[in-house]
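Colleague: Please show me the model that we are to discuss.

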Amino acid sequence: MGLRVSWYTLAGVAAVGILCLSRTGLGAGTQDPSVQERIEQLEKQVAELRTAPPEVQPTVPKEAPAKKSVWSNLDIQFYGYVKADAARDSSRTYPGNFVLYVDSEATNHDDAEFNLTANQTRLGFDISGPESETMKTSGKIEFDFYGNYASENKAKIQMRHAYMTFAWPQLDLALLAGQASDVVSPLVPTTLNYTVLWDAGNIGYRRPQLRLTKNLSLGDKTSMKFEGAVARTIGRADPTKSESGEDAGFPTVQGRVSMTFPFVGPKPVVLGFSGHKGREEYDLDPNGTNMDFDTWSVCLDATVPVSKCFTVLGELFTGENLDTYFGGIGQGVNTTARKEIRSKGAWVAASLKSSSKWTFNVGAGVDDVDADDVDPGASGGARTLNSSVFGNVIYSWTKHAQVGFEVSRWNTHYKGQGDADDTRAQLSFIYAF
């Protein structure tokens, strides 16, 4: 470093010396010999400096490298919508902002209610990359504001999806890790009500899982898909304050096989068969006395595009201990009788998109619980049947702004208590981005 500075100094001295000589009027014929010798020495040193090897050349500051984005070096797409829902119910429903079932008329006789909320507002990120020659990676993070235990005007964040996917396109194989929708019963109807006929014939939710998906081509428009997952068992608190799902010591297994093939419409039909099997360990006391409660389901699903703008879809199921899958009308285990609660149900819906502006949806569903399995003394009553019929229309003002109106009829039966029904009218404003 010292050598480099000396060369700069010598060059500077030479320049200053020459300038001084010129200013003092020393011409070629009047120069002092000693000064002339010094100038010649300086010129010689400058010439040597120009031909010096790189290690002794004066360093020139290089341009600073471009900084990476503080956001991410991956492709991240932000999406979501703002949704405001205003609804009036002719009877009290559970939980209120949306409907799962109607409270018993024995305690709430024709008790009308009005709700206004923006909690369904949803935000998400789709993440892509990086890629290699054989593998593609991606991810998703998505949440809304229906988190529990918050005042209506202080909504909490609720995680919906948080997963990553590793895909091998040449093998038609993919691995998903994180929280995602269940493999079983994958379809949903288009409703303005936040719950898509849950507890009224439609089962399936979201939970942490590891999922493997394999696609198999059988022809030009025919294929099969195989999906298998190990998922977190969501249980219940037992008398020892343990969580019965994690206490079982192993996960729930889910699986689905589906076939896609051409039919009468312009798009292929998709038929699926799915199910799950898991177990909860319910400890009755700290001394080790416990019971095992099974959870299982068998499901069928179908999507039938009848025409370019008209589609029919639906599902049916049967199983036991399905409360965390939104089956059994929110009832999974009768802890008094120490038995699983059995239920079966189905739903069907049709969607008509008449133009770029108007969309119409109608549907119905029912969840039928075995009355012998429920406990009449349970909190909230013993629900034995829950049904819903709905219809809605959605109008698109612009590409991003929509307004929708939905009317639905709900009927809930109770064991040993008054049955209940409700008519719900809901107005929704949606701004998607």
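**Pockets and cavity**

Colleague: Which strands each supply at least two residues of the lining of the second largest pocket?
Modeller: This is a predicted model, in which local features need pLDDT of at least 70 and side-chain atom pairs count only at pLDDT 80 or more, while totals for chains, interfaces and linings use all residues. Residues are numbered from 1 along each chain as its sequence is written, and side-chain values use heavy atoms, without hydrogens and water. On a 1 Å grid over the protein atoms alone, a pocket is an open set of points with protein on both sides within 12 Å along at least five of seven lines, and lining residues have an atom within 4 Å of a point. With strands taken as DSSP runs (E, at least two residues) numbered from the N terminus, those asked for are β1 (75-89) and β7.

Colleague: What is the volume of the largest pocket?
Modeller: Its lining has 37 residues, with Tyr94, Phe98, Tyr146, Asn148 and Phe326 nearest the centre. Volume is the space filled by probe spheres set on grid points, which are joined across faces, edges and corners. The value is about 1200 Å³.

Colleague: Which strand gives the largest share of the lining of the largest cavity?
Modeller: A cavity is a set of points where a 1.4 Å probe fits but cannot get out, and the structure holds one of 30 Å³ or more. Two or more lining residues come from each of β19 (383-396) and β20 (401-414). The largest share, three residues, belongs to β20.

Terms used: Helix = DSSP H or I, 4+ residues; strand = E, 2+ residues; numbered from the N terminus.
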